[in-house]
Amino acid sequence: MKAAVIVFPGSNCDRDIQVAIEQSTGQPCAMIWHKETTLPRLDLIVVPGGFSYGDYLRSGAMAAHSPIMRAVKAEADKGVAVLGICNGFQVLTEAHLLPGVLMKNRDLRFICRDVDLRVEATDTVFTRRYRKGQVVRFPIAHNDGNYFADPVTIKTLEDEGRVAFRYCDANGNVTEAANPNGSLNNIAGILNARRNVLGMMPHPERLADMLLGGIDGRPMFDGLVEALAA
Amino acid sequence: MKAKVHVMFKEGVLDPQGKAVSHALAALGFKGVNEVRQGKYIELDLDEKNPDKARQSAEAMCKQLLANTVIETYAIEITE
(Lines give C-alpha, C1' and ligand atoms only; values in the text may rest on other atoms or scores of the structure.)
Protein backbone atom coordinates (compact mmCIF):
# COMPACT_ATOMS: atom_id res chain seq x y z
CA MET A 1 0.00 0.00 0.00
CA LYS A 2 1.43 3.34 -1.07
CA ALA A 3 0.49 6.01 1.41
CA ALA A 4 1.31 9.67 1.86
CA VAL A 5 0.67 12.24 4.55
CA ILE A 6 0.02 15.86 3.59
CA VAL A 7 2.00 18.29 5.74
CA PHE A 8 0.80 21.85 6.34
CA PRO A 9 2.47 24.53 8.42
CA GLY A 10 1.07 23.70 11.86
CA SER A 11 0.40 20.00 11.29
CA ASN A 12 1.54 18.13 14.39
CA CYS A 13 0.20 14.58 14.10
CA ASP A 14 1.87 13.96 10.74
CA ARG A 15 4.72 11.88 12.18
CA ASP A 16 2.42 9.88 14.47
CA ILE A 17 0.28 8.79 11.54
CA GLN A 18 3.39 8.06 9.47
CA VAL A 19 4.66 5.71 12.20
CA ALA A 20 1.26 4.02 12.53
CA ILE A 21 0.99 3.45 8.77
CA GLU A 22 4.55 2.21 8.37
CA GLN A 23 3.99 -0.20 11.23
CA SER A 24 1.11 -1.78 9.30
CA THR A 25 2.52 -1.57 5.77
CA GLY A 26 6.19 -2.21 6.41
CA GLN A 27 6.74 0.36 3.63
CA PRO A 28 7.81 3.98 3.85
CA CYS A 29 4.96 6.47 4.00
CA ALA A 30 5.73 9.66 2.04
CA MET A 31 5.40 13.13 3.55
CA ILE A 32 4.11 15.71 1.06
CA TRP A 33 4.46 19.45 1.66
CA HIS A 34 1.32 21.52 1.08
CA LYS A 35 2.98 23.61 -1.64
CA GLU A 36 3.31 20.63 -3.95
CA THR A 37 0.78 20.59 -6.78
CA THR A 38 0.93 16.96 -7.87
CA LEU A 39 0.77 13.62 -6.11
CA PRO A 40 2.45 10.34 -7.03
CA ARG A 41 0.21 7.30 -7.56
CA LEU A 42 -1.13 6.49 -4.12
CA ASP A 43 -3.54 4.11 -2.43
CA LEU A 44 -4.08 6.24 0.64
CA ILE A 45 -3.79 9.96 1.35
CA VAL A 46 -3.89 11.18 4.94
CA VAL A 47 -4.70 14.72 5.99
CA PRO A 48 -3.28 14.76 9.52
CA GLY A 49 -4.19 16.43 12.78
CA GLY A 50 -2.71 19.63 14.08
CA PHE A 51 -3.36 23.33 13.83
CA SER A 52 -2.74 24.13 10.17
CA TYR A 53 -2.18 27.86 9.69
CA GLY A 54 -2.82 28.39 13.38
CA ASP A 55 -6.55 27.77 12.85
CA TYR A 56 -6.74 31.29 11.36
CA LEU A 57 -10.18 32.35 10.14
CA ARG A 58 -11.66 28.88 10.79
CA SER A 59 -9.99 25.55 11.55
CA GLY A 60 -8.89 24.01 8.27
CA ALA A 61 -10.06 26.93 6.10
CA MET A 62 -6.62 28.01 4.91
CA ALA A 63 -5.27 24.50 4.41
CA ALA A 64 -8.35 23.58 2.36
CA HIS A 65 -7.26 26.08 -0.28
CA SER A 66 -3.55 25.24 -0.35
CA PRO A 67 -2.12 24.02 -3.70
CA ILE A 68 -1.91 20.33 -2.77
CA MET A 69 -5.59 20.10 -1.87
CA ARG A 70 -6.60 20.45 -5.52
CA ALA A 71 -4.59 17.31 -6.24
CA VAL A 72 -6.06 15.55 -3.19
CA LYS A 73 -9.55 16.39 -4.42
CA ALA A 74 -8.75 15.06 -7.90
CA GLU A 75 -7.44 11.79 -6.44
CA ALA A 76 -10.46 11.45 -4.14
CA ASP A 77 -12.71 11.91 -7.18
CA LYS A 78 -10.86 9.02 -8.82
CA GLY A 79 -11.63 6.83 -5.82
CA VAL A 80 -8.33 6.98 -3.92
CA ALA A 81 -8.85 6.54 -0.17
CA VAL A 82 -8.53 9.78 1.80
CA LEU A 83 -8.44 9.83 5.60
CA GLY A 84 -8.73 13.10 7.52
CA ILE A 85 -8.08 13.00 11.24
CA CYS A 86 -8.98 15.86 13.59
CA ASN A 87 -7.70 19.00 11.81
CA GLY A 88 -7.65 16.78 8.72
CA PHE A 89 -11.42 16.28 9.12
CA GLN A 90 -11.85 20.05 9.41
CA VAL A 91 -9.75 20.54 6.26
CA LEU A 92 -11.85 17.99 4.33
CA THR A 93 -15.11 19.73 5.25
CA GLU A 94 -13.70 23.14 4.32
CA ALA A 95 -12.49 21.65 1.02
CA HIS A 96 -16.02 20.28 0.43
CA LEU A 97 -14.80 16.70 0.25
CA LEU A 98 -17.15 16.02 3.16
CA PRO A 99 -20.35 17.84 4.12
CA GLY A 100 -20.98 19.88 7.27
CA VAL A 101 -18.62 21.75 9.53
CA LEU A 102 -16.75 21.30 12.83
CA MET A 103 -17.78 24.09 15.17
CA LYS A 104 -16.33 25.14 18.51
CA ASN A 105 -16.93 22.55 21.22
CA ARG A 106 -20.24 22.99 23.06
CA ASP A 107 -18.51 23.89 26.33
CA LEU A 108 -15.90 26.15 24.67
CA ARG A 109 -13.07 24.07 26.07
CA PHE A 110 -10.23 22.20 24.42
CA ILE A 111 -10.84 18.53 25.19
CA CYS A 112 -7.96 16.09 25.44
CA ARG A 113 -8.91 12.62 26.66
CA ASP A 114 -9.80 9.12 25.55
CA VAL A 115 -13.38 8.57 24.42
CA ASP A 116 -15.47 5.51 23.60
CA LEU A 117 -16.74 5.23 20.05
CA ARG A 118 -19.25 2.92 18.45
CA VAL A 119 -18.27 1.66 15.02
CA GLU A 120 -21.33 2.25 12.84
CA ALA A 121 -20.13 1.42 9.33
CA THR A 122 -17.84 -1.49 8.55
CA ASP A 123 -18.28 -1.68 4.78
CA THR A 124 -15.37 0.67 4.12
CA VAL A 125 -11.65 0.25 3.53
CA PHE A 126 -11.06 2.12 6.80
CA THR A 127 -13.29 0.13 9.12
CA ARG A 128 -13.46 -3.37 7.64
CA ARG A 129 -11.43 -4.87 10.50
CA TYR A 130 -13.95 -3.68 13.10
CA ARG A 131 -17.30 -5.25 13.94
CA LYS A 132 -20.48 -3.24 13.51
CA GLY A 133 -21.46 -1.95 16.94
CA GLN A 134 -18.00 -2.60 18.37
CA VAL A 135 -16.90 -0.11 21.02
CA VAL A 136 -13.37 1.22 20.57
CA ARG A 137 -11.42 3.74 22.60
CA PHE A 138 -9.53 6.51 20.77
CA PRO A 139 -8.10 9.77 22.11
CA ILE A 140 -9.59 13.11 21.12
CA ALA A 141 -7.73 16.41 21.34
CA HIS A 142 -9.62 19.31 19.83
CA ASN A 143 -11.26 22.67 20.33
CA ASP A 144 -13.49 22.53 17.25
CA GLY A 145 -15.02 19.08 17.04
CA ASN A 146 -18.70 19.89 17.29
CA TYR A 147 -20.10 18.40 14.10
CA PHE A 148 -22.90 20.42 12.54
CA ALA A 149 -24.80 20.18 9.27
CA ASP A 150 -28.26 21.17 8.08
CA PRO A 151 -31.10 18.70 8.80
CA VAL A 152 -31.22 17.47 5.18
CA THR A 153 -27.51 16.63 5.22
CA ILE A 154 -27.79 14.86 8.58
CA LYS A 155 -30.71 12.81 7.29
CA THR A 156 -28.77 11.89 4.14
CA LEU A 157 -25.74 10.83 6.19
CA GLU A 158 -27.94 8.69 8.45
CA ASP A 159 -30.05 7.19 5.65
CA GLU A 160 -26.98 6.27 3.61
CA GLY A 161 -25.12 4.79 6.58
CA ARG A 162 -22.37 7.36 6.26
CA VAL A 163 -21.81 7.92 9.97
CA ALA A 164 -18.70 5.82 10.58
CA PHE A 165 -18.18 6.48 14.31
CA ARG A 166 -20.37 7.84 17.10
CA TYR A 167 -19.44 8.96 20.61
CA CYS A 168 -20.91 6.49 23.12
CA ASP A 169 -20.48 5.22 26.68
CA ALA A 170 -18.37 2.19 27.57
CA ASN A 171 -21.33 -0.09 26.82
CA GLY A 172 -21.94 1.35 23.39
CA ASN A 173 -24.95 3.48 24.33
CA VAL A 174 -25.10 6.70 22.37
CA THR A 175 -26.10 9.22 25.04
CA GLU A 176 -25.90 12.96 25.49
CA ALA A 177 -23.60 12.39 28.49
CA ALA A 178 -21.17 10.52 26.23
CA ASN A 179 -21.12 13.38 23.71
CA PRO A 180 -17.94 15.31 24.49
CA ASN A 181 -18.36 18.28 22.16
CA GLY A 182 -22.02 18.72 21.22
CA SER A 183 -21.82 17.00 17.82
CA LEU A 184 -25.22 16.38 16.21
CA ASN A 185 -26.30 12.75 16.63
CA ASN A 186 -23.00 12.13 18.52
CA ILE A 187 -21.22 12.06 15.17
CA ALA A 188 -17.46 11.48 15.49
CA GLY A 189 -16.68 10.48 11.91
CA ILE A 190 -18.39 10.52 8.52
CA LEU A 191 -17.91 9.14 5.00
CA ASN A 192 -18.50 10.69 1.59
CA ALA A 193 -21.15 9.15 -0.68
CA ARG A 194 -18.59 6.97 -2.45
CA ARG A 195 -17.22 5.82 0.96
CA ASN A 196 -13.58 6.43 -0.02
CA VAL A 197 -13.22 9.55 2.12
CA LEU A 198 -13.40 9.34 5.91
CA GLY A 199 -13.15 12.30 8.27
CA MET A 200 -13.01 11.77 12.02
CA MET A 201 -12.16 13.84 15.08
CA PRO A 202 -10.69 10.99 17.23
CA HIS A 203 -7.10 9.87 16.67
CA PRO A 204 -6.68 6.17 15.74
CA GLU A 205 -2.96 6.74 15.21
CA ARG A 206 -2.49 7.62 18.86
CA LEU A 207 -3.54 4.15 20.00
CA ALA A 208 -1.89 1.93 17.43
CA ASP A 209 0.95 0.58 19.56
CA MET A 210 0.94 -1.04 23.03
CA LEU A 211 3.61 1.46 24.06
CA LEU A 212 0.91 4.11 23.78
CA GLY A 213 -1.46 2.24 26.08
CA GLY A 214 -3.68 0.50 23.56
CA ILE A 215 -4.08 -0.75 20.01
CA ASP A 216 -7.72 0.02 19.20
CA GLY A 217 -6.56 2.17 16.30
CA ARG A 218 -4.44 -0.50 14.73
CA PRO A 219 -7.22 -2.43 12.92
CA MET A 220 -7.86 0.69 10.85
CA PHE A 221 -4.35 0.64 9.42
CA ASP A 222 -4.17 -3.16 9.12
CA GLY A 223 -7.54 -3.09 7.34
CA LEU A 224 -6.38 -0.39 4.95
CA VAL A 225 -3.32 -2.46 4.05
CA GLU A 226 -5.52 -5.52 3.57
CA ALA A 227 -7.91 -3.61 1.33
CA LEU A 228 -5.46 -1.48 -0.61
CA ALA A 229 -2.23 -3.51 -0.86
CA ALA A 230 -1.48 -3.74 -4.55
CA MET B 1 -12.53 50.74 -2.86
CA LYS B 2 -12.80 49.28 0.62
CA ALA B 3 -14.99 46.36 1.45
CA LYS B 4 -16.15 45.91 5.01
CA VAL B 5 -17.29 42.37 5.61
CA HIS B 6 -19.29 41.13 8.57
CA VAL B 7 -19.47 37.37 9.04
CA MET B 8 -22.07 36.09 11.49
CA PHE B 9 -23.56 32.73 12.44
CA LYS B 10 -26.83 32.02 10.70
CA GLU B 11 -30.04 32.28 12.70
CA GLY B 12 -30.57 29.05 14.59
CA VAL B 13 -26.90 28.08 14.70
CA LEU B 14 -25.78 27.82 18.30
CA ASP B 15 -23.25 30.52 19.18
CA PRO B 16 -21.64 29.34 22.42
CA GLN B 17 -19.17 32.25 22.45
CA GLY B 18 -21.99 34.77 22.25
CA LYS B 19 -23.73 32.94 25.08
CA ALA B 20 -20.61 32.99 27.25
CA VAL B 21 -20.19 36.72 26.62
CA SER B 22 -23.84 37.26 27.50
CA HIS B 23 -23.37 35.41 30.81
CA ALA B 24 -20.25 37.44 31.57
CA LEU B 25 -22.11 40.70 30.93
CA ALA B 26 -24.87 39.57 33.31
CA ALA B 27 -22.24 38.67 35.92
CA LEU B 28 -20.85 42.21 35.60
CA GLY B 29 -24.28 43.57 36.44
CA PHE B 30 -25.33 44.71 32.95
CA LYS B 31 -29.08 44.28 32.76
CA GLY B 32 -31.41 44.01 29.81
CA VAL B 33 -29.05 42.23 27.41
CA ASN B 34 -31.40 39.86 25.61
CA GLU B 35 -28.87 38.14 23.41
CA VAL B 36 -25.24 38.40 22.30
CA ARG B 37 -24.06 37.07 18.95
CA GLN B 38 -20.39 37.15 18.14
CA GLY B 39 -19.02 37.29 14.62
CA LYS B 40 -16.04 38.47 12.58
CA TYR B 41 -15.29 41.76 10.92
CA ILE B 42 -12.91 41.79 7.95
CA GLU B 43 -11.65 44.85 6.02
CA LEU B 44 -10.50 44.49 2.44
CA ASP B 45 -8.57 47.21 0.62
CA LEU B 46 -9.22 46.59 -3.08
CA ASP B 47 -7.62 47.97 -6.28
CA GLU B 48 -11.02 47.99 -7.93
CA LYS B 49 -12.51 51.48 -8.47
CA ASN B 50 -15.97 50.39 -9.56
CA PRO B 51 -18.21 49.78 -6.50
CA ASP B 52 -20.31 47.10 -8.22
CA LYS B 53 -17.26 45.16 -9.32
CA ALA B 54 -15.71 45.57 -5.88
CA ARG B 55 -18.86 44.10 -4.34
CA GLN B 56 -18.85 41.18 -6.80
CA SER B 57 -15.26 40.46 -6.01
CA ALA B 58 -15.82 40.63 -2.23
CA GLU B 59 -18.84 38.40 -2.63
CA ALA B 60 -16.74 35.75 -4.39
CA MET B 61 -14.15 35.98 -1.59
CA CYS B 62 -16.85 35.48 1.03
CA LYS B 63 -18.25 32.44 -0.75
CA GLN B 64 -14.89 30.79 -1.30
CA LEU B 65 -13.03 31.59 1.90
CA LEU B 66 -14.14 34.36 4.25
CA ALA B 67 -17.38 32.70 5.34
CA ASN B 68 -18.44 29.09 5.67
CA THR B 69 -21.95 29.30 4.30
CA VAL B 70 -22.96 26.08 6.02
CA ILE B 71 -23.14 28.00 9.29
CA GLU B 72 -22.37 31.62 8.49
CA THR B 73 -23.89 34.55 6.64
CA TYR B 74 -22.00 37.59 5.43
CA ALA B 75 -22.80 41.22 4.79
CA ILE B 76 -20.63 43.44 2.58
CA GLU B 77 -20.40 47.21 2.75
CA ILE B 78 -18.47 48.99 -0.02
CA THR B 79 -16.90 52.37 0.78
CA GLU B 80 -14.42 54.76 -0.88
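The following paragraphs describe chain B and then the interface between chain A and chain B. The structure is a predicted model, and every value below is computed from it.

Chain B contains two helices and three strands. Read from the N terminus, these elements follow the order β-α-β-α-β. The overall dimensions of the chain can be considered next. Along the principal axes, the C-alpha atoms of chain B occupy a box of roughly 45 × 25 × 15 Å. The radius of gyration of chain B is 16 Å, whereas a compact globule of 80 residues would have a value near 12 Å. Of the 80 residues in this chain, 30% count as buried. The contacts within chain B may also be sorted by separation in sequence: among those between residues at least 6 apart, 72% join residues at least 24 apart.

Attention now turns to the interface. The size of an interface is often given as the accessible area lost when the parts come together. Between them, chain A and chain B bury about 1,200 Å², and 71% of this area lies on carbon and sulfur atoms. Leu57(A), Arg58(A) and Met103(A) contribute 41% of the area that chain A buries against chain B, more than any other three residues. The contact involves 13 residues from chain A and 16 residues from chain B.

Polar and charged groups also take part. Between chain A and chain B there is one salt bridge, in which the side chains of Arg58(A) and Glu72(B) meet at 3.7 Å, N to O. Five residue pairs are in polar contact across the interface, both residues being at pLDDT 80 or more. On the side of chain A that touches chain B, six residues are nonpolar, three are polar and four are charged.

Note on methods. Residues numbered from 1 in each chain as written. Chains lettered and ligands numbered in written order. Predicted model: local features only at pLDDT ≥ 70, side-chain atom pairs only at ≥ 80, totals over all residues. Heavy atoms only, no water. Contact = heavy atoms within 4.5 Å. Buried area = accessible area lost by both parts, 1.4 Å probe. Salt bridge = Lys/Arg side-chain N within 4 Å of Asp/Glu carboxyl O. Polar contact = N/O pair within 3.5 Å; in protein donor to acceptor, adjacent residues only side chain to side chain. Nonpolar A, V, L, I, M, F, W, Y, C, P; charged D, E, K, R; others polar. Helix = DSSP H or I, 4+ residues; strand = E, 2+ residues; numbered from the N terminus. Rg over C-alpha atoms; globule rule 2.2 N^0.38 Å. Buried < 20%, exposed > 50% of the residue type's maximum accessible area, 1.4 Å probe, protein only.
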